[in-house]
Amino acid sequence: MKLTDRPEWKALQAHYHTIEPVHLRDLFATDPDRGRTFTAEGSGIYLDYSKNRVTAETMTLLYRLAEAVGLRGRIASMLRGDKFNNTENRSVLHTALRLPPGSKLEVDGVDVVAEVHAVLDSMSAFAESLRSGTRKGATGRKISNVINIGIGGSDLGPHLCYDALRHYSDRSMTFRYVSNVDGTDIAEALRASDPAETLFIVASKTFTTQETMANARTARAWLVQALGEAAVSDHFVAVSTNAAEVSKFGIDTANMFGFWDWVGGRYSVDSAIGLSLMIAIGPDHFREFLAGFHDMDRHFESAPWECNLPVLLGLLGIWYDNFFGAQSVAILPYDQYLNLFPAYLQQLDMESNGKSVTRDGHRVDYQTGPIVWGQPGTNGQHAFYQLIHQGTKLIPCDFIGFSKSLNPLGRHHDLLMSNFFAQTEALAFGKSPEELRDEKCPEPLIPHRTFTGNRPTNSLLIELLTPRTLGSLIALYEHKVFTQGVIWDVNSFDQWGVELGKVLANRIVPELESATEPSLEHDSSTNTLIERYRRQRSK
């Protein structure tokens with residue numbers, strides 16, 4: 001049945017008209033204990049969703065929608081390895097990457113858990129050899145600089161997690177991440193590096209990704225110029241499945257760490273793609289990281305809807321996206337270590353659910369994936385919070401904070417978290433003209449200083465940022481995206497939208513590099529831009 005024809009959807013539409021005029025001030029006045037009842041907890045994460053424009057009836061109607069689309073069965077289907085990615089006929093088993101030793105999950109007759117742990121063991125041995133200094137570079141010097149070369153999930157996942165867990169990292173080593181084909185990215189990474197002490201991790205499943213291989217070839221030439229051709233095998237490793245291309249590049253296939261076609265790039269940080277992270281924080285911390293993912297996987301699989309964190313976040317997102325017409329969601333971590341978390345979730349969510357057709361190819365008649373953006377607090381407060389507070393757009397926000405700081409310095413953490421709590425309070429309740437008049441605010445300024453409030457927020461409070469809680473936090477959002485994809489009936493695990501631009505770029509590259517004037521057969525805009533580029537470049 002079409003989503004918008006379902007009685008559960010129509011019930012939510014009717015209910016929206018009763019909720020839309022109601023202010024959060026009234027909801028809290030009617031239910032003073034709301035801040036304790038509209039909460040849930042799991043895997044070390046406490047969620048307060050009381051500052052949302054919902055009632056118990058709203059949530060019941062949303063749970064009924066989840067039941068109507070068969071969410072519980074879809075979760076089970078994904079977890080057991082069914083070919084959930086229907087356009088590519090693949091299983092979707094990033095959850096298998098964090099199953100504990102001794103677990104068993106067969107896909108097409110193969111125990112994938114055994115394969116996962118075999119790779120983890122190889123990664124661990126390699127990471128320990130680098131950290132201890134037993135594995136050295138070609139000149140006999142200890143590796144102290146690791147450069148991860150990838151793009152998309154092969155870059156953003158390990159980069160985010162390295163930044164987030166830097167507190168736990170080996171500070172005698174430097175880790176850099178290169179993804180952009182813009183030569184500046186690799187040039188700056190190499191400029192600060194010593195070839196004799198540098199290891200490159202080239203992360204590309206096919207070992208043919210255009211941007212990644214361009215950067216890898218530049219890094220290889222830099223190393224060879226300094227240390228000679230024979231040094232390549234000592235200073236390069238691969239995360240790939242294409243042994244032939246890896247070997248052709250000069251990398252010993254014994255130093256190739258594999259993963260599987262049932263792992264999508266944006267879900268791959270807990271696979272061999274996380275090798276740089278394991279080197280940085282050590283194998284024991286990396287396994288704690290995986291355990292955090294698994295904690296949330298189990299919670300998602302078994303918790304009732306009313307206390308299931310990914311389902312709650314997913315359903316609240318549906319409520320604002322499809323009934324209030326919100327077009328974006330802001331991710332606002334109050335921890336500098338999570339600087340890249342909004343960008344990471346941007347890729348996770350927008351690449352997964354940025355779809356306009358259903359799983360069976362029919363055009364949707366409702367909004368799907370939101371625009372995801374954000375920045376750590378308190379920096380964002382001095383940038384875009386003005387629009388969230390007093391602008392014309394409804395922007396639901398997720399605030400993410402920690403009760404303890406990894407760097408307790410004087411009053412810093414209390415100042416940080418006071419802003420966390422204050423912002424969610426201000427967004428919910430605002431400030432009325434009557435309150436301003438009581439404060440003797442000049443009448444001409446009252447319209448400018450009025451805050452309407454009624455701006456929805458989720459508060460996620462965690463005791464401490466650790467490898468385990470970071471794994472749980474990432475998995476929470478993975479499963480939130482899954483929940484919404486199931487309800488919208490889109491395939492959250494393909495990304496055909498990134499392909500067309502790549503195809504056209506491969507066509508244009510020879511035209512840019514041609515020694516003679518190429519015959520251009522694009523549209524007039526593209527032709528003119530290429531011609532101008534060639535003229536200016538040649539000056």
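How are helix 4 and helix 14 oriented to each other? They are roughly perpendicular to each other (a class that covers angles of 65 to 115 degrees; under 35 is roughly parallel, over 145 roughly antiparallel and the rest oblique). The model is predicted, so local features need pLDDT of at least 70 and side-chain atom pairs count only at pLDDT 80 or more, while totals for chains, interfaces and linings use all residues. Residues are numbered from 1 along each chain as its sequence is written, and side-chain values use heavy atoms, with hydrogens and water left out.

**View 1. Crossing of helix 4 and helix 14.** The axes of helix 4 (residues 56-68) and helix 14 (residues 309-324) cross at roughly 105° and come within 10 Å. Axes are lines fitted to C-alpha atoms, for helices over the stretch in contact, with angles from 0 to 180 degrees between N-to-C directions. Helices are DSSP runs of H or I with at least four residues, strands are runs of E with at least two, and both are numbered from the N terminus. Helix 4 contributes T58, M59, L62, Y63, L65 and A66 to the contact (heavy atoms within 4.5 Å), and helix 14 contributes L312, L315, L316, I318 and W319.

**View 2. Salt bridge between R141 and D194.** The N to O distance is 2.6 Å; a salt bridge is a side-chain nitrogen of Lys or Arg within 4 Å of a carboxyl oxygen of Asp or Glu. R141 is in the loop between helix 6 (112-132) and strand 5 (145-149), and D194 is in the loop between helix 8 (183-191) and strand 7 (198-203), so the pair ties together parts 53 residues apart in sequence. R141 is partly exposed at 37% relative accessibility (buried is under 20% relative accessible area, exposed over 50%, partly exposed in between; 1.4 Å probe, protein chains only). D194 is also partly exposed, at 31%.

**View 3. Salt bridge between R468 and D295.** Here the N to O distance is 2.8 Å. R468 belongs to helix 20 (residues 467-488) and D295 to helix 13 (residues 283-302), so the pair ties together parts 173 residues apart in sequence. R468 is partly exposed at 32%, and D295 is partly exposed at 22%.

**View 4. Salt bridge between E106 and K104.** The closest N and O atoms are 3.8 Å apart. E106 is partly exposed at 46%, whereas K104 is exposed at 59%.

**View 5. Network of R98, D270, D297 and E478.** Salt bridges link these four residues. The structure holds 24 salt bridges.
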